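Here is a short report on one protein chain. Keep the structure open and follow along, section by section.

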Amino acid sequence: MPPSPDHIRATVEGYLTRHPSERDALAALFVALAGGDDPTSRKTFPTHVTCSAIVIDSSDRVLHIQHNATGKALAPGGHNEPGDKDLPGAALRELGEEAGIPRDAVVPLPGFETVPLDIDVHDIAANPAKGEPAHQHVDFRWAFLLRAEHAVTLQTEEVSRYEWRSFEDSASPTVRAKLALLPRPTHS
């Protein structure tokens, strides 16, 4: 059973407790949550939820993977699947699928077990080949610490390479800003 609208709403409210100035940016998500469609379904338009894993290694670097579809270096992540029980679980499944890092190789960043590090709203262009209109992804970005060094094994159908970037070089400006606020060192 996918995450319920109530679970998503509670997660967003927890996030907004930390970042109240972002409420207006998440207005489209609140509209989607009030609708009758599953907000985690890739077929829910004009807005649906995606999840990403912000993986931090022992050198305070963040894993980025090159997505073939966009050509962008991003955190591992993507659409929710029907078997995903919660939002962080969707991010962990995507991490395993795209980067080959199993869920037991990471732990939630302390203080971020039930609240994402970042929530980003971004526009997706129409894809007539898939019958998808232009829409928005609301990406819940969950922070995890890599427990020990682990090989990255890419799913080459979707991703082409990976790199570890410093907090300051993280691809997302909003993630970069929130990582800068974390106490260091992140690993004990």
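## Overall layout

From the N terminus on, the elements of the protein follow the order α-α-β-β-β-β-α-β-β-β-β-α. That makes four helices and eight strands. The radius of gyration is 16 Å, close to the 16 Å that the globule rule gives for 188 residues, so the protein is as compact as a globular protein of that length. This is a predicted model.

The C-alpha atoms fill a box of roughly 45 × 40 × 30 Å along the principal axes. Of the 188 residues, 46% count as buried. The protein exposes about 9200 Å². Carbon and sulfur atoms supply 55% of that area. Now take the contacts with a separation of 6 or more: residues 24 or more positions apart account for 69% of them.

## Strand S7 and its partners

Strand S7 covers residues 135–146. Of its 12 residues, 11 are buried, so S7 is largely enclosed by the rest of the structure. Which way does strand S1 run beside S7, parallel or antiparallel? S1, residues 47–56, runs parallel to S7, and 10 bridges join the two. Within this pairing, isoleucine 54 has alanine 143 of S7 as its bridge partner.

Strand S6, residues 118–124, pairs with S7 in the antiparallel sense over seven bridges. Here aspartate 120 stands opposite aspartate 139 in S7. Strand S5, residues 106–108, is also antiparallel to S7, with three bridges. Valine 107 has leucine 145 of S7 as its bridge partner.

## Helix H3

Helix H3 spans residues 87–99. How far apart are its end C-alpha atoms? They are 18 Å apart. At 1.5 Å a residue, the 13 residues should span 18 Å, so the two values agree.

Of the 13 residues of H3, 11 are buried, so this helix is largely enclosed by the rest of the structure. Among the buried residues are Leu87, Leu92, Leu95 and Ala99. The buried set also includes Arg93, Glu94 and Glu98.

## The ends of H3

What caps the N-terminal end of H3? Aspartate 86 does. One of its side-chain oxygens lies 2.7 Å from the backbone nitrogen of glycine 89. Just after H3, glycine 100 takes a positive phi of about 70 degrees.

Is glycine 83 buried or exposed? Its relative accessibility is 60%, so it counts as exposed. From glycine 83 to glutamate 94 is 11 residues in sequence and 12 Å in space, C-alpha to C-alpha. Glutamate 94 is one of the buried residues of H3.

Look for proline 46 in the loop between helix H2 (27–34) and S1. The peptide bond from phenylalanine 45 to proline 46 is cis, with omega near 15 degrees.

Next, find aspartate 60. It lies in the loop between S1 and strand S2 (61–67). Where does it stand on burial, buried or exposed? Aspartate 60 has a relative accessible area of 13%. The cut-off for buried is under 20%, so aspartate 60 is buried.

Definitions and conventions:
Residues are numbered from 1 along each chain as its sequence is written. This is a predicted model: local features need pLDDT of at least 70, side-chain atom pairs count only at pLDDT 80 or more; totals for chains, interfaces and linings use all residues. Side-chain values use heavy atoms; hydrogens and water are left out. The expected span of a helix is 1.5 Å times one less than its number of residues. Buried means under 20% relative accessible area, exposed over 50%, partly exposed in between (1.4 Å probe, protein chains only). A polar contact is a pair of N or O atoms within 3.5 Å; within protein, one must be able to donate a hydrogen and the other to accept it, and residues adjacent in sequence count only if both atoms are side-chain atoms. The radius of gyration is taken over C-alpha atoms; the globule rule is 2.2 Å times the number of residues to the power 0.38. Contact means heavy atoms within 4.5 Å. Accessible areas come from the Shrake-Rupley method with a 1.4 Å probe; for residues, only the protein chains shown count as cover. Two strands pair if DSSP finds at least two bridges between them.
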